[in-house]
Amino acid sequence: MLLCPSTSCRKNTSVSDVKIREVPPQDWPLYKSVRLSSLEDSPDSFGSTYEQEVLLSDAEWQARLDLEFRGLDARPLIAELAGHAVGLAWGVIHEPDSKTAHIYQMWVSPSQRGKGIATSLLNEITAWALNKGCERIALAVTTSNEAAVSLYNSSGYLPAGSLEALRNGSVFLVQPMVKRLGNTK
Ligand SMILES: CC(C)(COP(=O)(O)OP(=O)(O)OC[C@H]1O[C@@H](n2cnc3c(N)ncnc32)[C@H](O)[C@@H]1OP(=O)(O)O)[C@@H](O)C(=O)NCCC(=O)NCCS
């Protein structure tokens, strides 16, 4: 499995060609490659930075995906198209709040945007969260990130809480957002 280079993935593909799967610990090199690409491509979209994560050891990358070892209830997802990784997102439940799932690390390869891949990743995490008995999904989005804000608005996420700094010292602000699931109030 390869990371999708921006010029070589087929452009006349649709979301129905995209396969979404959980990333097992042995696929850490792929996860590392996609995650570092996302941080390099979209530095203002994430709380973490390329400069921080490029320093992680291979053992640390592998350990991130070892959910059992971490005691973490999570679903790390990769979207694949024609044998290439084209997207990433995590769903995570942080105990003791078992009713809230969180979305992190959402990213779609620039050449594959606008095809519904992020929507598919959101749908997959929503189905997982519902299956886990969650009542809501939470995330935070940089306020100036029009594509992501529009994605979450159109997917039923609503602003929840005050703006916060993207990271220490950043001029960018993030808006926490929440989507309620099912018939919960
Ligand atoms: C935000 C991002 C994940 C969207 O991925 P995508 O696969 O292109 O999104 P989708 O094709 O599923 O789009 C779903 C909806 O999002 C909105 N959207 C997506 N891209 C948009 C854009 N460039 N401008 C405005 N709205 C956009 C639209 O409402 C769209 O629905 P529509 O196609 O019916 O109009 C992608 O642009 C990306 O990876 N950006 C950089 C990283 C990032 O910002 N991650 C989010 C961190 S919170």
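Where is the place of Pro96? Pro96 sits in the loop between β4 and β5.

## Basis

This is a predicted model, in which local features need pLDDT of at least 70, side-chain atom pairs count only at pLDDT 80 or more, and totals for chains, interfaces and linings use all residues. Residues are numbered from 1 along each chain as its sequence is written, and side-chain values use heavy atoms, with hydrogens and water left out.

## Backbone

A cis peptide bond joins Glu95 to Pro96, with omega about 10 degrees. Ala82 has a positive phi, near 50 degrees, and is not a glycine. Ala82 lies in the loop between β3 (73-81) and β4. Most residues other than glycine have a negative phi, and most peptide bonds are trans. Helices (H or I, at least four residues) and strands (E, at least two) are DSSP runs, numbered from the N terminus.

## Aromatic pairs

The structure holds three aromatic pairs. Rings of Phe, Tyr and Trp (its six-membered ring) pair if their centres lie within 6.5 Å; planes under 30 degrees apart count as stacked, over 60 as edge-to-face and the rest as tilted. The ring centres of Tyr31 and Trp90 are 5.9 Å apart and their planes stand at 65 degrees, so this pair is edge-to-face. Tyr31 belongs to helix α1 (residues 28-41) and Trp90 to strand β4 (residues 84-93), so the pair ties together parts 59 residues apart in sequence.

## Ligand contacts

Polar contacts here are pairs of N or O atoms within 3.5 Å. A polar side-chain atom of Ser45 lies 3.1 Å from a ligand oxygen. A polar backbone atom of Lys115 is 3.2 Å from an oxygen atom of the ligand. For Arg113, a side-chain N or O atom is 3.5 Å from a ligand oxygen. Taken alone, the ligand exposes 920 Å², and the protein buries 70% of that (Shrake-Rupley method, 1.4 Å probe).

## Ligand shell

Around the ligand are 20 residues, each with a heavy atom within 4 Å of it. Met106, Gly114, Gly116, Thr119 and Asn145 come nearest. By class, the shell has 10 nonpolar, eight polar and two charged residues; Gly counts as polar, and Asp, Glu, Lys and Arg as charged. The largest share, six residues, comes from α6.

Note on methods
Polar contact = N/O pair within 3.5 Å; in protein donor to acceptor, adjacent residues only side chain to side chain.
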